Amino acid sequence: MRALVTGGAGFIGSTLVDRLLAEGHTVDVVDDLSTGSLSNLADARAAAGHQLTVHQMDIRSTEVVELLAHRRPEVVFHLAAQADVRRSVADPVFDADVNVLGTLRILEGARRAEAHRVVFAASGGTLYGEPDDSELPLKESLPHRPLSPYGVSKKAAIDYLVAYRELHSLEFAALALANVYGPRQDPHGEAGVVAIFAERLLRHQPVTIFGDGEQSRDFVFVDDVVDAFVRAADRGGGLICNIGTGKETSVNELYREMAAQAGVEGEAIAKPLRPGELRRSCVDPSRAGIQLGWKPWTELDRGTAAVLDFVRERLAAGTD
């Protein structure tokens, strides 16, 4: 198929691009490189030839609509986003500009291209707000009650997906992602805790844990997430599917595991809990199993080892 990936130079997007190319698809990447990096696509660009075309372009621009209409992708994987929750609180207008109006540009382009489907990256952690402990792991049937502008903008984007399906027969699948981690995740940008821990442990720098460290997250490996995106290209139409492991891991557990793998002894530095941080977060992936035939297969220790190996190689090569 001909696919287009927005945010394709990011760590999830570039891993998805690698998978699509490996399966023989033709891929266009749209990325403004504000958070993504062409280095993530270096191997793909060297090997793919005419199968891969990269367009440095902002999804908010009118030109992106014309690009989609011209390139005529069959499936659009929409991963580009303003993904920093704290920035969304500080500048909600910018957040909505990227996540709502940017998504509308992509939908308009997909409509004009007569694309078969848009596969959208949503956020399981923010979409459902602050859950009651009795609701964990979170199911898709729970009401959407985001507490941050970022979560609100992602909810609005899903509402537009539903409207375009009804008005224009543009099919969609929305994947509500848990805490995705893996190689290529930038520890200096809007990074997950795994990338930050790996960088600091291997540089022998102090590691900070905010609060008591017992706050939990559902950590899902990037290769598993990419598999869900590929499956959603022709399954799960009109649905939101949670993509996670259904397992909670505390920040303290994560630190102990990664410190042992890195051969580092000693405790992390404790600092006060940051305002607005969720205490617990975990999603139920059962619907994805039924509708997409998907399940996570990478255990946390294998995933964190892969991240540490990636950071070791990068530091040894001096490419930081």
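How many residues does helix α7 have, and how far does α7 reach from its first C-alpha to its last? Keep in mind that this is a predicted model. Helix α7 runs over residues 149-168, so to speak for itself: 20 residues, reaching 28 Å. That is close to the 28 Å expected at 1.5 Å a residue.

Now the buried residues of α7. They are Y150, G151, S153, K154, A157, I158, L161 and Y164. They sit on the same side of α7, because they cover an arc of only 165° around the axis. Turn to the other side of α7, and E166 and L167 are exposed.

What do the buried residues of α7 pack against? Three helices are on the list: α4 (85-90), α5 (92-113) and α6 (124-127). The strands are β5 (117-123), β6 (171-177) and β11 (239-243). After α7 comes S169, with a positive phi near 60°.

Next, the aromatics. The structure holds 3 aromatic pairs. Take F197 and Y255. Their ring centres are 5.8 Å apart and their planes stand at 85°, so this pair is edge-to-face. F197 belongs to helix α8 (residues 193-202), Y255 to helix α10 (residues 251-262), so the pair ties together parts 58 residues apart in sequence.

Last item: the cluster. Ring pairs link Y181, F219 and F221.

Key: Residues are numbered from 1 along each chain as its sequence is written. This is a predicted model: local features need pLDDT of at least 70, side-chain atom pairs count only at pLDDT 80 or more; totals for chains, interfaces and linings use all residues. Side-chain values use heavy atoms; hydrogens and water are left out. Helices (H or I, at least four residues) and strands (E, at least two) are DSSP runs, numbered from the N terminus. The expected span of a helix is 1.5 Å times one less than its number of residues. Buried means under 20% relative accessible area, exposed over 50%, partly exposed in between (1.4 Å probe, protein chains only). The arc is that of the directions from the helix axis to the C-beta atoms. Contact means heavy atoms within 4.5 Å. Rings of Phe, Tyr and Trp (its six-membered ring) pair if their centres lie within 6.5 Å; planes under 30 degrees apart count as stacked, over 60 as edge-to-face and the rest as tilted.
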